[in-house]
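Welcome! Have a look at the structure first, then read on.

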Amino acid sequence: MRVSSNSFSTDLKLQMNKLAERQLRLQQQIATGQRITTASDDPKAMRRVLDLRNERSQLTQYQDNISTLRENANVVYSTVNAMKRLSDRASEIATMADGTKSPSALSAYAMEVDQLLEETLRLSNTQHRDVYIFSGTKSKDATYSATRDADEQITAVSFDGNSNSAKIDIAPSTSMNGNFSAEGTHGVLKNSANGVDFIQHLIDLRDNLTTAADTSLAKDAALAALATIKDTVLGNLDKDEVNFIDHFSSIGATLSRLETSEAITRSQVASIEPLISNEADADLADSLVRLNEIQNAYTAALQSGALLMRTSLLDYIR
Amino acid sequence: MSGLGIMGTMEMARNAMQTARQGAEIAGHNLANAANPIYARQRIKIASAVAIQTEQGPQGSGSEVARLEQIRDYAIDAALVTEKSVTRYLETKQRQLRRAEASLGQTLDRQSIDAGESYGSYGVAEGLSSLFNSFQSLSANPTSTAERQTVMFNAQKLADKMNIVDRRLSDLQKSINVEEDYEVDDVNAKLAQVATLAAAIGNTEIVEGAANGIRDSLQAALEELSEMVNISTTTNEDGKLSLFVDGYAMVTENAMTGSVKLYTDSNGMNFIADNRSGDVLTLQSGSVKGLIDVRDGPIKDLRDQLNTLASNLIAEVNALHQAGFDLSANNDSSLTFFTGTNAGDIGVNSTIISDPRKLQAASTGETGNNSVIRAMANMGDISISGLSNMSFSEYYGNTVSRFGQDIALTDTQLIDQQAVQTMLEKQRDSVQGVSIDEEVANLIIYQRAFQASARLITVMDTLMADLLNLQR
């Protein structure tokens, strides 16, 4: 083949351009650690990476939801725990209040129970992050409002929440109830199905103690009131106690389920990372070796080109 | 008496010296054009001069320059006109597609992802995930105003991103339209140049013989023209050139008889049309075709798909939102979450932005109810019939990946095409390119021939002197 003088330079330029392009590409890969940056680098891989990243960010969101649920469950747990302590004390008083106690002792008991009642009302209106934790989905409404008599004593309470619960997603197509309610089938304080009504039972206890301590009444009335405490109120308080304990175990179960879900989600997030890395990251060792090869070719092209273009027949004729 | 005689021989030597001198001149001309890319090397065709009849038979009378010829391979020239057209078509496509890819702004930045999503590059994909995640987050805390604000912020950010991408893509289409306008002027100028050069070749060759230099320019002009629009040419028996674009005669027998003009369709898109008939030209290759193909192909598809994505997002989210209740337990069935109808004008309702409590997240008047917002969050996963039964992020991922495939395909095609063109250019260079070594070697041959002929004159001169001295 006949070779013209321009062939050398044209060919060298083309070749060097090609090598420079490859060097740039490899340099980009090494500097960023990424095999692909835009969709055109590898459209299919880009698609998979976008899907995987979407999945990962969803899972991270589920983790956030789980954290929210755990936080709520923990707040509810500690509140129910405080209520159970009140219930323990109320049962104690109900057991201790008998005919051997003096009216002043009974009156002191009545006053203490009244305080327990006030404390129960306060706890049942607990707010966490501006949300009434026992109001179901009516979470901006206080759970209970109390009716008081002339002595500012609570005579009745009315429930302003509901027994509904919002479902919160903790995994794809998996949700958990996010709200707790004071009343209803899973009521913490009142459940008509099994005779649980803590506040009413505290009112009963207080009122019976007050009656028993009232010296202006006949002796029979005081004895009857004490008998009611023994026969009815104490039993009712036991039911409330059992209900609190039931809630402990159900909240505990909820927390352990959340913990499991979180662990699963965390391991899912962790397992996505290597998948993304597989698609998007450059193999540094491979890239560096290839860069080295191309650099050798580039140097060789430059050297041979310079040598060839420098010499011609002109150098040898005088 | 036979042969040339002393004077005849001296004449022969003189002619030979002229031939050698012309040879050296042409070698010099070639050397001078060694770096001229459109130049086809020339050489002198030396023929032996007419033989004269002698008693011993015909005797040669030296040499003469028969003609000056240009070394050209017309088949390769024609092939290059076609191939350069295809190369330019693909180059134009690639350039515009790269611009569109940059406009889309969907890149992967692994370093910053690990520092948290919000620090990474923000494309529509990130926008969709963030929006659906903030819906999800609000569903876990339906009464939280902070979460509501986050939802509005993410929705606004996604809407802005979609607006920007759509505007950039539409700007790109507009700039292609403007380029199309320029191309029309360039094509017409080049057509005029081709006609002028073709006519000049005709005129020159009648009077002076081969118009080698002008042929170089004509070939270059044809190649430049074909880089814009694909052309076909014919040459009649008189050597007159006719040139056609999509079958419409633009140059007829060395005269410019047609031209192209800009045609704007009802959508404001520019095309190139035959000036006389007004017919839009159907092109096969060249930069004009490249521009039109990208504008009406991948960029239009990309815009359409983004619009489909946006309009479905608007419809689905609004349908849920309008049925919901806000934090004050009110339902306003006319209160939309998103405003607008497509990617270009999607926005977030300013009523909700100014008061996030108006976001209708509940399905009942109960503030803690999250049914609506939860349904919105789950919409990120479900397949939407308007999106060919894909989810929002799947549909967008599909759009990006298909667009990426368009670019990757063009890249591959261009590499192949460049290989073909380079091969043809090498072949052409091998035929018509100047080799300095070759020309210098020729120069020495002509130099030696000149010296030898000069020597012949000296010898003949001596003979003549000897002859004249006989009389003394």
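The points below cover confidence, the interface, the cores and one glutamine.

This is a predicted model, with an ipTM of 0.84 and a pTM of 0.84.

**Confidence**
- Chain B has an average pLDDT of 92, and 97% of the residues score at least 70.

**Where chain A meets chain B**
- Contacts link 55 residues of chain A with 56 residues of chain B.
- The two chains bury about 4,700 Å² between them, with 47% of that area on carbon and sulfur atoms.
- On the chain A side, R2(A), R47(A) and R53(A) provide 15% of the area buried against chain B, more than any other three residues.
- There are 4 salt bridges across this interface; R53(A) pairs with E126(B) in a salt bridge at 2.6 Å, N to O.
- Polar contacts join 35 residue pairs between chain A and chain B.
- Helix α2(A) gives the largest share of the side of chain A that touches chain B, 15 residues.

**Nonpolar cores**
- The largest nonpolar core holds 68 residues, and F135(B), L309(B), L313(B), F337(B) and F338(B) have the most contacts inside it.
- Elements of both chains give two or more residues to this core, including α2 and α5 of chain A and α7 and α10 of chain B.
- Another core, of 45 residues, lies apart from it and includes A73(A), L123(A), L209(A) and L255(A).
- Among the residues that L309(B) touches are V124(B), M162(B), F392(B) and Y395(B).

**A closer look at Q305(B)**
- Q305(B) sits in helix α7 of chain B, residues 287–322.
- Q305(B) counts as buried because its relative accessible area is 14%, under the 20% cut-off.
- Beyond its sequence neighbours within four places, Q305(B) contacts Y395(B), T399(B) and R402(B).

Terms used:
Residues numbered from 1 in each chain as written. Chains lettered and ligands numbered in written order. Predicted model: local features only at pLDDT ≥ 70, side-chain atom pairs only at ≥ 80, totals over all residues. Heavy atoms only, no water. Helix = DSSP H or I, 4+ residues; strand = E, 2+ residues; numbered from the N terminus. Buried < 20%, exposed > 50% of the residue type's maximum accessible area, 1.4 Å probe, protein only. Contact = heavy atoms within 4.5 Å. Core = buried A, V, L, I, M, F, W, Y, C linked by side-chain atoms within 4.5 Å. pLDDT = per-residue confidence, 0-100. Buried area = accessible area lost by both parts, 1.4 Å probe. Salt bridge = Lys/Arg side-chain N within 4 Å of Asp/Glu carboxyl O. Polar contact = N/O pair within 3.5 Å; in protein donor to acceptor, adjacent residues only side chain to side chain.
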